[in-house]
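Subject: Structure handover, aromatic contacts

Hello,

Here is the structure for you to take over. My notes on its aromatic rings follow below.

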Number of protein chains: 2
Amino acid sequence: MRASQFLISTLKEAPADAEVASHRLMMRAGMIKKLGAGIYTYMPMGLRVIRKVEAIVREEMDRAGAVECTMPVVQPAELWQESGRFEKMGPELLRIKDRHDRDFVVQPTSEEVVTDIARQDLRSYKQLPKNLYQVQTKFRDERRPRFGLMRGREFIMKDAYSFDRDAAGAKKSYEAMAQAYRRIFDRFGLRYRAVAADSGAIGGDLSEEFQVIAATGEDAIVYCPDSEYAANMEKAEALAPSQPRGAATQPMEKVATPGKSTCEQVADLLKVPLTRTVKSLVLATDVVDDKGQPVKTQVWLLLVRGDHDMNEIKVGKVPGLDNGFRFATVPEIEAHFGTKPGYLGPIGLKQPVRIVADREVAVMADWICGANEEGYHLTGVNWGRDVPEPVVADLRNVVAGDLSPDGKGKLAIERGIEVGHIFVLGTKYSKAMDATFLDEDGKPKFFEMGCYGIGITRLPAAAIEQNNDERGIIWPDAIAPFTVVVCPIGMDRSAEVKAAAEKLHDELAAAGVDVMLDDRGERPGAMFADWELIGVPHRVVISDRGLKEGQLEYQHRRDAGATKVPAGEIAAFLKARLAA
Amino acid sequence: MRASQFLISTLKEAPADAEVASHRLMMRAGMIKKLGAGIYTYMPMGLRVIRKVEAIVREEMDRAGAVECTMPVVQPAELWQESGRFEKMGPELLRIKDRHDRDFVVQPTSEEVVTDIARQDLRSYKQLPKNLYQVQTKFRDERRPRFGLMRGREFIMKDAYSFDRDAAGAKKSYEAMAQAYRRIFDRFGLRYRAVAADSGAIGGDLSEEFQVIAATGEDAIVYCPDSEYAANMEKAEALAPSQPRGAATQPMEKVATPGKSTCEQVADLLKVPLTRTVKSLVLATDVVDDKGQPVKTQVWLLLVRGDHDMNEIKVGKVPGLDNGFRFATVPEIEAHFGTKPGYLGPIGLKQPVRIVADREVAVMADWICGANEEGYHLTGVNWGRDVPEPVVADLRNVVAGDLSPDGKGKLAIERGIEVGHIFVLGTKYSKAMDATFLDEDGKPKFFEMGCYGIGITRLPAAAIEQNNDERGIIWPDAIAPFTVVVCPIGMDRSAEVKAAAEKLHDELAAAGVDVMLDDRGERPGAMFADWELIGVPHRVVISDRGLKEGQLEYQHRRDAGATKVPAGEIAAFLKARLAA
């Protein structure tokens, strides 16, 4: 490709709303162009990256035996009503009325459509297992689209759906995808982790996220440097402490803590470590009648250590809270605790409250909590003596240094960007949509399904978050818009430079290398800055001076300086570099 | 590919709403699946065809110097308001409101977005010419979607847009696309015609449609078997007759034609050829004030020969009708002609009417028209004597046998399916959206644009309309879902058959042939019927009996019977066939 035939449009300044590196750099490098909030045109330079991502994904999906189809972007609401998602999904689901006033949606995913295909076309167990995938435009009407392609509204996703006879088959299909995903992410040339994720209502452990490691990632991912353990923050288990509870050494005392409503403020005031304090969180569950009207409300008090954060996913698995919960209202809190939030605790309650303590809290002695009286806290509180032994559960996010659940070391935490997610769906959609096949015994059975996504347009953004410097992007070879850029200096003045540049370009192109020849006639400084910003990994500079010495200059985007390479050896030199 | 790993889902019966062969056969062959009116999933078998179409289009667009990008499917209304199309386009434009109640559209084309890109990124004449294209999902909310992919609501279109400094450059860009389109359609392996089309408001002759020839086509295309002339029906010029007008031989007489309101009925009644009658069409043009209110209405009478059809595009070019016209209302007709439609003519008008006669009508003598009195016609009417000489224009559709406008023979007419359209847009969008670049003289100039479409998902349907028989589809090699199908008979019983089939499959696949091995274990009849329906062009049958004789059976989808080929020669035999 020649630059003069391509569309190169770099910018000195990133737009003001570009908060993260990938957004800033993709805009500045002319890879994307904003059309509206969270809606971007993939410009030629960016589209080349996306196409390479797609090609790798397709190759590995095909290799894993999945079959590609393309489902419509605009989908009739009927199927979505059948699954219940038309009502359940919030304003993220973009709804449309056509000219006949019929309801449609713009697909955010395609479980409904693919399940509809399966119930029509997969009639016999002989046709199973089957895995259907598409690489297609999706839309989610995010409330706050931001970070460019990282959290856009319109995006490209690869979504795959597997159909199996039974749960064992579904697990095999899932494992095949887990392997395919590892091959895919290996090929991208990025540092990533496959982390265990919560599989939500489905249950079981069959859910993994593929996270590209980047300091700017939105997700905290937990791993054990000494073992294979890795999970996302929602999922990572906080083990019970190995030491038993210490003995009570202090009497329970009420201390004045006027205006100190957080654990941090109380610990500061009392000059004790934050780890001595206990945080109170008040939840509520409603019993509803068959018309959905609440008839009874249960209030819950959850206790985690002052320096810990509650984990809502884990809370949602506590028996009694596993059918949904909400935060209690201030009137509910005042009725049960006799005071307002900031001074709450498990002692001296006005009305019955179910108490659940985090595993860590359950082994604390001489701890500090609210006194259920404004401006006061209790110190020296002890389980058994001052308050009955609690129900105990894992309620909190792990922190670095916690024991690894596999017992093989301590946990570390890093940031990641979720670019893939695989999970077993079970019969959620097949039951909702009555999607069955005839099994060997002649009886209809519900499909056991799995679901496998890759954020095709998010991937380049994640790659940039992981690979950039003050000059711009640094693409891994596999997904670079161009692998090699040939930069001739003074091509318009020197016939030798022109001939050498064109020869090298043509040679590399003929060898299947994705090469760009910058024939725009820009000054060297501007030309180099463009390609460093765009992030082409391999650069060859051809100049009159170099040619006189029979030398070209090679520089990898990560190299501090250039390497002189004899002109006759450059093709072989590059080939070795590209294969590496 | 092995059939057991693919999704093959053929149907015995086509759905009742499938009116044309391509719709019926694509449904029966499991290539598409209906999700809603005019909305289809491209199933694996159909998607393979679409991908081959896309690949050929991309290769030739790239070769012609166009650069690919991808514009959003969901587009903010602002740009569409800027161009005026948000208001002008009817209910075909699918409109959406997002969660913030802002207006969006689902792209039917992307002139607005691409012009917005150009005005931002193409700042200098040095960057021109530039041609940007995309292959992307489009939506047009057709009132009557039908014929499957032929007239769907959601479809895939390749749309390209060229930007030039001046009209001469735009013409060059257009010519480059015209050449690329010829290469593309040649490669598809279909019979097609590039026909001159009307370029609408833009004027000039720079518009061509690419029509796949098929008896079921919706468009009439006009060509001269003795020359290169080809045009669509809207465009094809009807020359003035070469003979002069004959002399008047009859007196004008009023004859009773009670209840006979069409030319056919009158000709029947009077026992004269239909070519002696003249059809009256009444139009109206409104003069509006600066608030858009009509202040004056002009009524027009257009005359074409009884056996001819009026051509609205041509009528729209008659001076005075070229700013828009409408059909006159019945009250307007009664006020001007004193009678109701069915008995109208140019003689004895009540109020001034502007009369335009078709070229053919202008040379008629002793003709018949309505008497402007219910139940009566006039015979023996003659120009000059009974009615003043008219304004003359080309108002009608050509018919087979008309003289070719290039003077090289007579016109023939066949049916076609429009699958491509290229035209010069001029400055229509660049002016509406103030899209300029800095020219060499330092002054801002409007881009001269061109626009080039190919109906990617319509193409397979058109190919089928042209290539099918009672057994199913017959794909040209270039766009067949698979080029070769290997059909082993009794693969489950015979190790020899299995080994031979797998060997041939693997050999062909390794040689880059798109080969399918039917390993489903179907009976021969069902297996052959499936592949004949699906339309794979080349089939090899492997049987125990054949293998004993050292023979395989080859049959092209168009062949009446099979050809025996020695097993050792089959690869070379096929290679020769595929290259042909």
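Start with a charge over a ring: A:Arg539 lies over the face of A:Phe528, at 4.2 Å from the ring centre. (That term needs NZ of Lys or CZ of Arg within 6 Å of the ring centre and within 35 degrees of the ring normal.) A:Arg193 likewise lies over the face of A:Tyr223, 3.6 Å from the ring centre.

This is a predicted model: local features need pLDDT of at least 70, side-chain atom pairs count only at pLDDT 80 or more, and totals for chains, interfaces and linings use all residues. Residues are numbered from 1 along each chain as its sequence is written, chains are lettered from A and ligands numbered from 1 in the order written, and side-chain values use heavy atoms, with hydrogens and water left out.

Now the ring pairs. Rings of Phe, Tyr and Trp (its six-membered ring) pair if their centres lie within 6.5 Å; planes under 30 degrees apart are stacked, over 60 edge-to-face, the rest tilted. The whole structure holds 22 aromatic pairs over all chains. One is B:Phe163 with B:Phe447: the centres are 5.4 Å apart and the planes at 80 degrees, so the pair is edge-to-face. It links distant parts of chain B, 284 residues apart.

In chain A, ring pairs link A:Tyr181, A:Phe185, A:Phe188, A:Tyr192 and A:Phe210 into a cluster.

Best wishes

Notes. Helix = DSSP H or I, 4+ residues; strand = E, 2+ residues; numbered from the N terminus.
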